[in-house]
Each structure stands twice: as C-alpha cells, then as structure tokens.
Amino acid sequence: MDVTGWVLLRAFCRGLHLAGFFSAFGTMFLSATLLHKRGALRLRRLAWAGFAVACLGGAGWFLLQAADFAAAQSISDVIGALPIVAGQTRFGTLLLTRMGLLLLAMLLFQRGWPRSAALIAFGGVVAEAWLGHGGAMTGFVGTMLLFCAVLHIAAAAIWLGALPALYVALKRLPEDALLPLAQSFSPLGMACVGTLLVTAMFQFILLITYPQALFTTAYGAVALTKLVLFAALIALAVLNRFRFTPSLPASRPALLRNIGAEAVLGLAVLLAAGLILQLEPPAMADMAGM
Amino acid sequence: MRVLPLSLAVLLGTACGFPAFAHAFLKQANPAPGSRITSPPAAVLLTYTEGLEVPFCKVTVKSPSGIAVQTAKPQPVSGHADELSVPVHITAPGKYTVIWHAVSVDTHRTQGHFSFTVSP
Ligand SMILES: [Cu+2]
C-alpha cells in the first residue's frame with residue numbers, strides 16, 4: 001500500500017473512533033437530559049456499541065499513527081515504537097486517557113448514573129481538541145483555534161452523537177411521548193448547528209484563508225465536502241422540525257427514516273473530519289519551504 | 001443586540017491580522033540558516049512553530065564531506081515544547097547542512113534542511 005492508502009486508512013480509523021466516541025457520549029447525554037424521566041428506556045447496549053466502535057477505531061488509529069511517527073518499515077518497527085507513543089507523546093497519552101475516561105463513563109452509565117457518565121465522557125470528547133492545530137500552536141492564533149475546536153467538537157458530539165439514541169427512543173417510546181421529545185430536541189440541535197457554523201467560519205479564516213483554496217487544495221476539497229454534507233444535514237433537520245414533528249405520532253415512520261439518514265450523513269461528516277485532520281491546511285503551505 | 005455582531009467583527013479583524021501556522025515548521029535556528037559563524041557550536045538549537053514529539057524527531061548535521069557530526073539524538077529543551085537541541089562535534093571549518101524531520105503534537109510530520117558555515 002502506498003502512502004496515500006495508509007493516510008486514508010488512518011483517517012478512516014480516526015473518523016470511526018470519533019463516531020463511536022460521540023455516539024456513546026451522545027447516548028449518555030440524551031439519557032441524562034431529555035430522556036431523564038424515561039429511566040425504563042434502556043440505551044445501555046447502544047452506548048456499549050459506540051464504545052466498541054471507539055475502541056476499534058482508536059486501536060487502528062493508534063497503530064497506524066505509531067507506524068507513521070516511527071516512519072516504520074516493518075511490523076517490528078511499529079511494535080518498538082508503541083511504548084514510546086503510549087508513554088511519551090501527547091497523541092498516545094491523550095488517546096489512552098480519553099479511552100480510560102470513556103470506559104469509566106460506561107461503567108457509571110451501566111450502574112444507572114447517566115449524569116456523571118455524560119459529564120466524564122464529555123471531558124474525553126473535548127480533549128480531542130488538544131491534538132489539533134490549536135492545541136499544538138502557541139500564541140493568540142493557537143488559543144483561538146483551540147477554543148474554536150473545543151466548541152466545534154462539543155457541538156458536533158452533542159448533535160450527531162445523540163442521533164442514534166434519539167432514533168431508538170423515538171422508535172420505542174409510547175406515542176404520547178414522541179412529540180415532547182422531538183420538540184425539545186429541536187432547539188438543542190439548532191444551538192449546535194449555530195455553534196458549528198460560527199466555529200467553522202473561524203477555522204476557515206485561520207486555516208484556509210483564501211476561498212479559492214477550497215477548490216485547489218486537498219484540505220479545501222475535504223472542507224467543502226464537510227460543508228455540503230453539513231448543509232444536507234441541516235435540510236433534513238429542517239424537514240424534521242417543520243414537517244414531521246408537528247404531525248407526530250402519525251409521521252413516526254417518516255421521522256425515523258429521516259433521523260436514520262441524518263445519522264448516516266453524520267457518520268460521513270465524521271469520516272471527512274478524520275481525513276481533514278491528516279492534511280496540511282492551505283494557510284501554512286507557504287511555510288513549507290523553510 | 002448590536003454588541004454581538006460588532007464584537008464578532010472586531011474579533012474577525014484581529015484574527016485576520018495574524019498569520020496562522022499549522023504543522024511544525026522551522027521558526028528559527030541557532031546557528032541561523034545561511035549564517036557564517038566564527039566558532040563551532042556545541043549544539044544546534046531548532047525552534048518550531050508548534051510543539052514537538054521529540055522522541056520521533058530526527059536531525060542529521062552533515063560536514064562538508066558528508067559525514068554526520070551530531071553526537072546524539074535530538075534532546076527536548078525543558079520549558080520549550082517547540083524546541084529541540086542536537087549536540088554536535090565540529091572540528092573543521094566549512095559548510096554544514098542540517099537535515100531535519102519533525103513530528104508535531106498535532107501528529108503531523110514535516111521536514112526541511114538548511115546550512116550554516118563555520119569560518120574562523
Ligand atoms: Cu499540522
């Protein structure tokens with residue numbers, strides 16, 4: 001496999017890890033908030049499924065990243081690099097700590113404490129921001145990017161991460177409970193969408209800078225793809241809000257289909273996020289010569 | 001309600017004034033790239049635009065005849081996550097080339113090279 005193949009595989013693992021982590025957290029979050037009075041609704045298996053995906057994707061990401069760090073030529077190079085990556089790099093310690101936090105959150109969730117579980121998992125979710133460019137840079141721009149990344153990741157995790165749990169809840173709850181749940185999820189989703197838009201704009205200014213870079217660089221192309229997927233997600237959410245939610249419970253099948261589609265698009269956005277995080281932002285391409 | 005768009009605009013304007021650097025690129029070096037120095041350094045100090053994963057950074061310093069003169073792997077500089085130091089043993093004058101491969105804490109790899117001249 002050539003370099004591009006390895007980068008794509010690493011991006012895929014990172015995206016999968018994000019998606020699993022987000023959905024485990026989102027399930028806890030929804031259980032702790034909108035579904036708090038619905039303790040009988042068991043979402044534990046869904047949360048464990050997210051945890052499993054986060055572990056699997058995380059393990060793949062860890063191995064492939066270690067191989068990349070060490071510029072490994074063989075399996076033994078990778079194995080030799082693993083303890084150094086785990087103990088002496090921010091990437092390794094952060095990934096292991098975040099997985100530890102998610103495991104702890106899962107155990108609390110299993111015990112029936114969704115609030116503390118969601119809080120701890122949230123820490124794991126936003127810690128990912130310290131692996132981005134904002135976390136690596138010092139000074140005003142670094143702080144600014146880090147702040148944006150924390151908000152961006154938090155909003156994405158709450159909105160996209162809650163979709164699988166929302167789907168299951170809307171499928172299982174009695175008919176009279178559907179409308180209140182769908183109605184209370186709407187403002188939450190709107191707040192997340194707004195946060196995502198504003199933080200994306202700042203990231204665009206700081207990391208892409210020139211609109212034409214959207215069409216001339218790989219980074220820009222993936223950013224544009226994310227934007228298009230995001231627009232499609234918003235369209236589905238608007239449809240849910242104004243068309244299917246008011247006519248509940250009769251529109252339950254249509255609403256479920258739509259939320260399912262949102263979840264699939266959400267996964268695609270996160271896979272694209274996994275890829276864009278591997279690429280070089282256009283704003284610094286001029287620096288490459290030094 | 002007018003405060004929000006205004007402060008947003010100010011923030012944007014401020015942000016645009018600052019160049020953004022992502023990935024670890026060389027910000028400065030000692031000896032500096034292209035410089036001419038009279039006494040040979042005991043170490044080459046590299047400062048980057050981002051924090052580094054020093055265990056995975058590689059630096060080779062080559063003498064005019066192409067022999068590696070670094071005496072150890074890159075060392076972290078305490079208190080400066082964006083710096084590394086490479087001990088060298090330079091005995092002869094001439095043009096020395098520094099070839100670096102860096103890994104930054106954002107997990108990205110970068111590389112570059114420059115040279116400096118020792119002429120007593
Ligand atoms: Cu980078």
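The points below describe a predicted model with chains A and B.

1. Conventions. This is a predicted model, in which local features require pLDDT of at least 70 and side-chain atom pairs count only at pLDDT 80 or more, while totals for chains, interfaces and linings use all residues. Residues are numbered from 1 along each chain as its sequence is written, chains are lettered from A in the order in which they are written, and side-chain values use heavy atoms, with hydrogens and water left out.

2. Fold of chain A. Chain A has eleven helices and zero strands; helices are DSSP runs of H or I with at least four residues, strands are E runs of at least two, and both are numbered from the N terminus. The order along the sequence is α-α-α-α-α-α-α-α-α-α-α. The radius of gyration of chain A is 20 Å, close to the 19 Å from the globule rule for 290 residues, so chain A is as compact as a globular protein of that length. That radius is taken over C-alpha atoms, and the globule rule is 2.2 Å times the number of residues to the power 0.38. Along the principal axes, the C-alpha atoms of chain A fill a box of roughly 65 × 45 × 40 Å.

3. Of its 290 residues, 51% count as buried, where buried means under 20% relative accessible area, exposed means over 50% and partly exposed lies in between (1.4 Å probe, protein chains only). Among contacts (heavy atoms within 4.5 Å) in chain A with a separation of 6 or more, 76% involve residues 24 or more positions apart. The accessible surface of chain A is about 12900 Å², and carbon and sulfur atoms hold 71% of that area; such areas come from the Shrake-Rupley method with a 1.4 Å probe, and for residues only the protein chains shown count as cover.

4. Nonpolar cores. A nonpolar core is a set of buried Ala, Val, Leu, Ile, Met, Phe, Trp, Tyr and Cys residues joined through side-chain atoms within 4.5 Å. The largest one has 68 residues, and Met28(A), Leu102(A) and Trp159(A) have the most contacts inside it. Helices of chain A that each supply at least two residues of this core include H1 (3-32), H2 (44-69), H4 (90-111) and H8 (175-208). H7(A) gives the largest share, 17 residues. Leaving out residues up to four places away in sequence, Leu102(A) touches Phe21(A), Ala24(A), Met28(A), Phe51(A), Ala54(A) and Ala121(A).

5. Chain B. Chain B has one helix and eight strands, in the order α-β-β-β-β-β-β-β-β. Of its 120 residues, 44% count as buried. For contacts in chain B between residues at least 6 apart in sequence, 60% join residues at least 24 apart. The accessible surface of chain B is about 6100 Å², with 61% belonging to carbon and sulfur atoms.

6. Two threonines. Thr143(A) is found in helix H7 of chain A and counts as exposed because its relative accessibility is 52%. Thr107(B) is found in the loop between strands E7 (94-103) and E8 (109-118) of chain B; at 0% relative accessibility, Thr107(B) counts as buried. Leaving aside neighbours within four places in sequence, Thr107(B) is in contact with Arg14(A), Gln65(A), Asp68(A), Phe69(A), Phe91(A) and Leu131(A).
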